[in-house]
Amino acid sequence: MHSDLQSPVWHPFTQHGLDPVTTKIVRTEGAYLIDEHGRLVLDAISSWWVITHRHRHPAIAEAIQVAAETLDQVIFAEYTHEAAEELATGLLRVAPPGLAHVFYSDSGSTAVEVALKMALGFFHHVGDPRSRIAVMEHSYHGDTIGTMSAGERGVFNAPYGALLFDVDRVPFPEASREQDTLDAFERLCRDRKIAALLVEPLVLGAGGMKMYSARILTELKQIAERFHTLLIVDEVMTGWGRTGTLFACEQAAISPDILCTSKGITGGALPLAATLCSHEIFDAHFSTDRSRMFFHSSSYTANPIACAAAVANLKIWQTEPVAQRIEELGRLHQERLEPFRTDPRFANVRQTGTIAALDLDVSTAGYLSDVGPKLRRFFRDRDLLIRPLGNVIYLMTPYCVVPNELDRAYAAIDEVADMIRKANK
Ligand SMILES: *Cc1c(COP(=O)(O)O)cnc(C)c1O
């Protein structure tokens, strides 16, 4: 198919042949995107899960402005800077105990790549080479070759399959079949030398907002420990309050060996990522031997302006009642989800903290690839940014959202289910 489009821009996860992107957003404010025609669109998915408090939080905007007046990118081998130091100390203060070092990069995918390299580097340097990575089915860890390898395989990575490396997969801990996951992981650890288990804690995001209990995470960690397998938690989506606590793994009372964070680290204002690791992992690379250094760098490692935004975000967590806000938002979702629990048009109504999800019953949803774009258009027409994952509709708003805005989103979900049902009659 030959394209004849106005713009040369190639958008992510967009089929330009069906659904070209034409609307310009000219301003953001609170929970809203404002387009060139003056329409206010409620950002009910936090612009792909990055905006935590609100769009353009004044303290973060100011920190960016001030930082930009003194520093731009500074090479992060050779030199350090105050924002990176302050942020690292601050991150370790709020992260689960046992994490001791902070490696900066610039995206969630990169944070996970760094984590995988840290894990393999660790085993290499301590003389116990291991190269197997275990993951959960339905997981998503990014779109680079390495993180696609660790993620679920499907239509979205089929063209690259030949280049993806093999990983060991444990089943997702479906309610009442959780023991299967634990048994599968234990078997893997026994039969193969697994370097690390890489998991999204509590909620598998792009895989369909699949949720599992904190107890399973606790038990996975215990199994990993017994076999000296490292636990890498990918908190890229779950971090910064999404699941009701600052990091999701707090709820499992575990300390991972490696933790990846990005998206909400700057409140969503600028790209930045950090991979936190234990003393043991750092120490395995610490030496007078240059061949043991950690061979990784992104050009924009620890960008000072992004670090300043993240420091401002940490301050917001200290000075504003963010925890209460998140708890309240959780309660608002809970109330509104209640009637959907017995609604036959939906299945698997679920919530973890500020994330609410429900499946359009597949029997009424019909041909899924048709339903997705239809749903999106329906929400778009109502000035709601909601992008279902297949038949999974979810809400993950900025924390500043108010009750009547949520009501609007839930009313649209109610309405769209009727539309789909009628269309399938
Ligand atoms: C978004 C996401 C990533 C990838 O982050 P990018 O910044 O898009 O590279 C990795 N892991 C999880 C769990 C994510 O949700």
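This is a predicted model: local features need pLDDT of at least 70, side-chain atom pairs count only at pLDDT 80 or more; totals for chains, interfaces and linings use all residues.
**Notebook: rings and a helix pair**

I started with the rings and found W240, F247 and W317 linked into a cluster by ring pairs. For pairing I took rings of Phe, Tyr and Trp (its six-membered ring) with centres within 6.5 Å; planes under 30 degrees apart are stacked, over 60 edge-to-face, the rest tilted. Residues are numbered from 1 along each chain as its sequence is written, and side-chain values use heavy atoms, leaving out hydrogens and water.

Searching the whole structure, I got twelve aromatic pairs. I picked F76 and Y104, an edge-to-face pair at 6.1 Å centre to centre with 70 degrees between the planes. F76 lies in the loop between α2 (58-68) and α3 (82-94) and Y104 in strand β4 (residues 99-105), so the pair ties together parts 28 residues apart in sequence. Next I checked burial (buried is under 20% relative accessible area, exposed over 50%, partly exposed in between; 1.4 Å probe, protein chains only). F76 is partly exposed at 28%, and Y104 is buried at 3%.

Then I turned to helices α6 (residues 178-191) and α7 (residues 214-226), which pack at about 15 degrees with axes 10 Å apart. They are therefore roughly parallel, a label for angles under 35 degrees. I listed the contacts (heavy atoms within 4.5 Å): on α6, they include F185 and C189, and on α7, I216 and L220 are among them.

Note on methods: Axes are lines fitted to C-alpha atoms, for helices over the stretch in contact, and angles run from 0 to 180 degrees between N-to-C directions. Helices (H or I, at least four residues) and strands (E, at least two) are DSSP runs, numbered from the N terminus. Angles under 35 degrees count as roughly parallel, over 145 as roughly antiparallel, 65 to 115 as roughly perpendicular and the rest as oblique.
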